[in-house]
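Please keep the sequence and the model in view while reading.

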Amino acid sequence: MKKSLRVVASFATCLSLCASFFADKVAKDDVVHAQENYNCSFDSGIGDWSGRGSVEVKQSADNVYSGSASLSVSGRTDNWNGCQLPLDTATFSPGSTYSFYSAVYNAGRSEAEMMMSFQYDVDGETKYDHITSKTVSSGNWAILSSSAYTIPANAENPVLYFETAKGSASFFIDDVKIGSKGEFM
């Protein structure tokens, strides 16, 4: 009888240790998941991307930086019109610093300053930041990247978006990536 009590006690201890291990593993996996990078090539669709203003966004094989598709942004009537992606603050924490990267294609007839920008709310007021920009010749791809952009600590409803400094020419984006600080140069 004493031997079977020891076996039951040992079994109970083992269950307790296993439960502790798996609870710890789940918590660690959740932390890793919250720090995963964002990577969108548009080869499998457009995901949560949408237009800003009267813009049409769609998957396209007309101009591709890599892979089989990109995101076409057309029907722009103003420089702030473009494409946007809402960011989940559970994944991209306000107050944290990230790297941002994207290929952009100028489909206009003249060069354009292409901009990767950031919108967020603070106390009910909408704010705008420019992460990076580059002048891109007509009919060419260029890389927009920043190795360190800090999402403001009090930001709510963050949105990554692309626009131009002037004009309303169509453009394409491809290979959008968000990663750890310093990951993309």
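Is Lys127 buried, partly exposed or exposed? Lys127 is partly exposed, with a relative accessible area of 30%; buried means under 20%, exposed over 50%, and partly exposed in between, using a 1.4 Å probe and protein chains only.

The model is predicted, so local features need pLDDT of at least 70 and side-chain atom pairs count only at pLDDT 80 or more, while totals for chains, interfaces and linings use all residues. Residues are numbered from 1 along each chain as its sequence is written, and side-chain values use heavy atoms, with hydrogens and water left out.

**Overall make-up**

Helices (H or I, at least four residues) and strands (E, at least two) are DSSP runs, numbered from the N terminus. Of the 185 residues, 38% are buried. The accessible surface, from the Shrake-Rupley method with a 1.4 Å probe, is about 10200 Å², and carbon and sulfur atoms contribute 51% of that. Contact means heavy atoms within 4.5 Å. Among contacts with a separation of 6 or more, 74% join residues 24 or more positions apart.

**Charged and cysteine side chains**

The structure has one salt bridge, defined as a side-chain nitrogen of Lys or Arg within 4 Å of a carboxyl oxygen of Asp or Glu. Lys127 pairs with Glu125 in a salt bridge, with the closest N and O atoms 3.7 Å apart. A disulfide is a pair of cysteine sulfur atoms within 2.5 Å, and the count by this rule is zero.

| Residue | Relative accessible area | Class |
|---|---|---|
| Glu125 | 47% | partly exposed |
| Cys40 | 10% | buried |
| Cys83 | 0% | buried |

Asp174 lies in strand S11, residues 171–180. Asp174 is buried but has no salt bridge, and the nearest side chain of opposite charge, Lys177, is 9.2 Å away; here Lys and Arg count as positive and Asp and Glu as negative, with His and the chain ends not counted. The side chain of Asp174 does reach the backbone nitrogen of Tyr65, at 3.0 Å. Beyond four places in sequence, Asp174 touches several residues, including Cys40, Tyr65, Ser102 and Trp141.

Ser74 belongs to strand S4, residues 70–74. The C-alpha atoms of Ser74 and Ala169 are 7.5 Å apart, although 95 residues separate them along the chain.

Methods
Polar contact = N/O pair within 3.5 Å; in protein donor to acceptor, adjacent residues only side chain to side chain.
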